[in-house]
Amino acid sequence: MHDDEEEDKPSHRRMQNVGEQGHMALLGHSLAAYISVLDRERLRKLITRIASDTTLWLCRLFRYESGSAYYHEDDREGLLKVCRLVINTRYEDYSTEGYTVLNSRQPVIYQSATCRPGLGQHLCSQLGLPLSSLCTVPCNTIFGSQHQMDIALLDKLIREDVETGKLPLLLIANAGTPGAGHTDKLGRLKELCEQYGMWLHIEGVNLATLALWEVSSPVTAATRSDSMTLTLGPWLGLPAVPAVTLYRHEDPALSLAAGLTSSQPVEKLRALPLWLSLQYLGHDGIVEKIRHAVELSQQLLEKLKTLASIKTSVEDELNSPVVVFRFSQETSAESSGGSVEGYFAGEREVLDSLNRWLCEQLAQLVPASGVDIVELEDEGTCVRFTPLMTAAALGTQRCDVDLLVERLIELIPVLNCTLRLRLDFREEVYRHSALSYIEDLSWPGLGAVRYEPRIEELNDSKRQLEVEKINSELLVKLGDLDADLIFSTGLEFGPEKDCIFIGMATEDLDVAELVDTIAALGRDIEENGRLLENMTEVVRKGIQEAEFQLQKDNQDKLMEEGVLRQIPLVSSVLNWFSPFQSTVKGRTFNLAAGSLDSTEPTYSMKAQTGGLASPETPTSSAKRLPGQRLFQREGAGGSDSHSETSSVGQAEDLSRERFPQPTPPSPVPDEAVSVVPESPETPQRPPTQENGESLDDWERSRTKGRNQDFRMESSLSL
């Protein structure tokens with residue numbers, strides 16, 4: 001069922017590896033349904049024990065003392081309930097007056113610019129607050145990480161809101177941003193919240209490291225927060241287990257009013273799948289899974305430091321559960337002798353497309369790695385490796401990380417060559433008047449080109465159809481060539497149409513030969529198309545001319561032979577006594593020239609005259625060595641005896657091979673000639689009385705044969 005819709009498309013997706021702990025979590029849902037049918041008293045005792053045990057284990061495991069737990073399916077639901085709790089706490093008359101009490105002092109919720117997209121809007125819509133109650137705090141621009149909240153600016157915003165009569169309500173901080181995995185300065189933020197009486201809520205993937213013995217100091221400060229949300233399902237590879245929000249509050253009545261606790265016993269059974277999974281894994285098993293994920297990140301980070309063309313964006317190089325990296329240009333380029341940073345316009349967009357291609361290739365080559373694409377504001381498109389969210393489900397091991405680095409090392413030269421040859425490809429296209437270079441910065445490859453036919457008399461619509469037809473045929477011909485390049489129509493929803501997009505390039509690519517071949521193939525397709533278009537008119541006129549000549553020859557024959565020779569019985573007797581030799585000549589229709597010619601040369605030379613040889617389909621612009629692929633430079637494969645061919649010489653060879661000179665007429669085999677020739681040693685002579693055949697009979701048979709040959713040759717030619 002997983003692959004029914006896309007059976008013909010290769011897919012690198014992997015289903016989650018459901019181990020025994022996963023089966024325990026799934027079993028918990030079935031047990032919860034069975035337990036719900038118990039009598040009310042037994043059900044209350046059982047679910048109270050399950051909820052209290054699970055809460056106690058989680059608070060001890062993640063160092064959150066004196067906390068309560070709320071289990072929810074949507075990972076945003078816990079934060080929503082916490083906001084309602086804070087509103088009930090800060091506005092004493094909220095339970096009786098409702099939203100009217102908010103008019104006195106408008107509540108404000110603060111969030112970082114790196115929070116999950118749409119989180120603040122979701123809270124405002126569910127709480128019935130205007131979007132003006134949401135304040136997004138920018139990140140650092142000068143000092144500190146560019147993915148951390150600017151604390152000085154936050155302090156300024158809070159003071160301005162207090163001066164205007166607003167009420168700072170809640171602050172959402174990150175212990176591992178959704179993009180780069182950086183952690184805000186939680187200790188300083190907690191002090192700021194205590195200063196203004198705000199609630200501090202923390203979420204993020206780095207909260208999982210609280211279960212380890214060695215925890216970084218920024219994450220340790222999360223234990224002092226007022227609430228935090230844990231997503232144990234991805235961290236431990238548990239399917240269909242709820243998320244947990246741990247919070248501290250002393251008034252159970254307000255927690256009940258906010259929905260953090262429930263009087264319905266069945267709702268407390270949400271903790272049962274998690275209770276069974278934690279029982280099965282145990283404390284050591286949980287810690288080992290989290291430690292294994294962190295070690296995978298450190299292993300990858302150490303190997304990426306040795307690669308010159310890879311830049312990493314991590315907060316703590318010694319302990320970072322999330323690794324974000326991207327391909328960048330080499331520090332030195334062979335073509336320019338210096339840095340290639342900023343060497344062409346649109347460099348950022350091109351690098352983003354190349355990194356997007358890199359992530360897709362790595363995800364396809366190493367599915368167990370779980371790498372994905374992330375868009376960062378400053379860095380652009382990057383590749384993200386988050387084993388805390390994927391390793392437990394995919395079963396990622398250290399060998400998968402080694403394989404990931406190996407594939408990355410293989411793809412880096414391809415990226416460097418493609419980036420360097422893009423300018424060469426554009427310059428070569430500009431040298432051909434029939435080709436148009438298409439600027440598409442989102443295409444991860446050498447570039448795009450369009451063949452423009454040299455047709456001036458067509459209108460825009462017909463010209464567009466002609467361009468589409470020629471480029472479609474050109475794409476098919478290029479795809480049939482024996483080359484390492486990939487030719488396609490580009491991205492599915494790309495802005496450019498009727499173009500030919502060339503994929504990634506290698507070091508031995510001859511760009512000049514590639515562009516010359518594209519231009520020559522397009523020119524050949526255009527000329528063949530014109531020939532086919534003109535063929536209909538040529539054949540029609542030729543048929544009309546042939547019919548007119550046949551009628552004229554029949555009339556001339558009638559005038560020469562007379563009326564008596566047309567009577568069947570009389571004509572035989574008359575021809576016997578007075579043989580008549582016709583002067584009617586045959587005609588042949590030349591399709592290449594579009595003209596009617598006489599058959600007299602055929603009978604005189606005893607052979608049909610041949611026309612010009614048709615040009616062969618171009619295949620290559622240069623003579624290749626054995627084993628050398630198309631568009632591959634000579635000497636790239638290790639041969640030093642052949643010098644590299646210049647672009648001028650290639651163009652001359654291309655023109656010479658694809659458009660050969662006319663060949664002299666060649667005789668057609670005897671089987672194709674209307675009149676069977678005799679050998680030169682025994683020339684054909686008129687019969688004599690010695691062989692028993694009269695001269696008149698020989699002349700009549702020869703005239704009759706000529707007429708039959710003319711009819712047969714005309715029909716075959718037409």
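Q: Among contacts between residues at least 6 apart in sequence, what share joins residues at least 24 apart?
A: In this predicted model, 70% of the contacts between residues at least 6 apart in sequence join residues at least 24 apart.

Q: How many helices and strands does the protein have, and what share of its residues is buried?
A: The protein has 20 helices and 17 strands. Of its 718 residues, 45% count as buried. The accessible surface comes to about 38000 Å², and carbon and sulfur atoms account for 52% of that surface.

Q: What describes two packed helices?
A: The description consists of the angle between the two axes and the distance between them. Take helix H1 (residues 20-35) to begin with: the axes of H1 and H11 come within 6 Å and cross at roughly 155 degrees. H1 is therefore roughly antiparallel to H11, as angles over 145 degrees are classed that way.

Q: Which residues make the contact of H1 with H11?
A: H1 contributes Glu20, Gln21, Met24, Ala25, Leu27, Gly28, His29, Leu31, Ala32 and Ile35. From H11 come Leu272, Pro273, Leu276, Ser277, Tyr280, Leu281 and Lys289. By class, eleven residues of this contact are nonpolar, four polar and two charged.

Q: At what angle do the axes of H11 and helix H13 (residues 387-394) cross?
A: The axes of H11 and H13 cross at roughly 115 degrees and come within 9 Å. The two helices are therefore roughly perpendicular to each other, and their crossing is right-handed. On the H11 side the contact is made by Ile290, Ala293, Leu296 and Ser297, and on the H13 side by Pro387, Leu388 and Ala391. Six of the residues in the contact of H11 with H13 are nonpolar, one is polar and none is charged.

Q: How does H11 lie relative to helix H14 (residues 398-430), roughly parallel or roughly antiparallel?
A: Here the axes come within 10 Å and cross at roughly 25 degrees. H11 and H14 are therefore roughly parallel, with a right-handed crossing. The H11 residues in this contact are Glu295, Leu296, Gln299, Leu300, Lys303 and Leu304. Their partners in H14 are Arg398, Val401, Asp402, Leu404, Val405 and Leu408. The contact of H11 with H14 has seven nonpolar, one polar and four charged residues.

Q: Which residues of helix H5 (residues 119-127) are buried?
A: The buried residues of H5 are Leu119, Gly120, His122, Leu123, Cys124 and Leu127. Their cover includes helix H3 (77-90) and strands E2 (107-112), E3 (134-137), E4 and E5 (199-203). After H5 comes glycine 128, with a positive phi near 75 degrees.

Q: Where is leucine 230 found, and which residues does leucine 230 touch?
A: Leucine 230 belongs to strand E6 (residues 227-230). With 0% relative accessibility, leucine 230 counts as buried. Not counting residues up to four places away in sequence, leucine 230 touches Phe62, Leu207, Trp235, Ala243, Val244 and Leu246. Alanine 243 is 13 residues from leucine 230 along the chain, and their C-alpha atoms are separated by 5.9 Å.

Technical notes
Residues are numbered from 1 along each chain as its sequence is written. This is a predicted model: local features need pLDDT of at least 70, side-chain atom pairs count only at pLDDT 80 or more; totals for chains, interfaces and linings use all residues. Side-chain values use heavy atoms; hydrogens and water are left out. Axes are lines fitted to C-alpha atoms, for helices over the stretch in contact, and angles run from 0 to 180 degrees between N-to-C directions. Helices (H or I, at least four residues) and strands (E, at least two) are DSSP runs, numbered from the N terminus. Angles under 35 degrees count as roughly parallel, over 145 as roughly antiparallel, 65 to 115 as roughly perpendicular and the rest as oblique. A crossing is left-handed if the near helix is turned anticlockwise from the far one by less than a right angle, and right-handed if clockwise. Contact means heavy atoms within 4.5 Å. Ala, Val, Leu, Ile, Met, Phe, Trp, Tyr, Cys and Pro count as nonpolar, Asp, Glu, Lys and Arg as charged, and the others, Gly among them, as polar. Buried means under 20% relative accessible area, exposed over 50%, partly exposed in between (1.4 Å probe, protein chains only). Accessible areas come from the Shrake-Rupley method with a 1.4 Å probe; for residues, only the protein chains shown count as cover.
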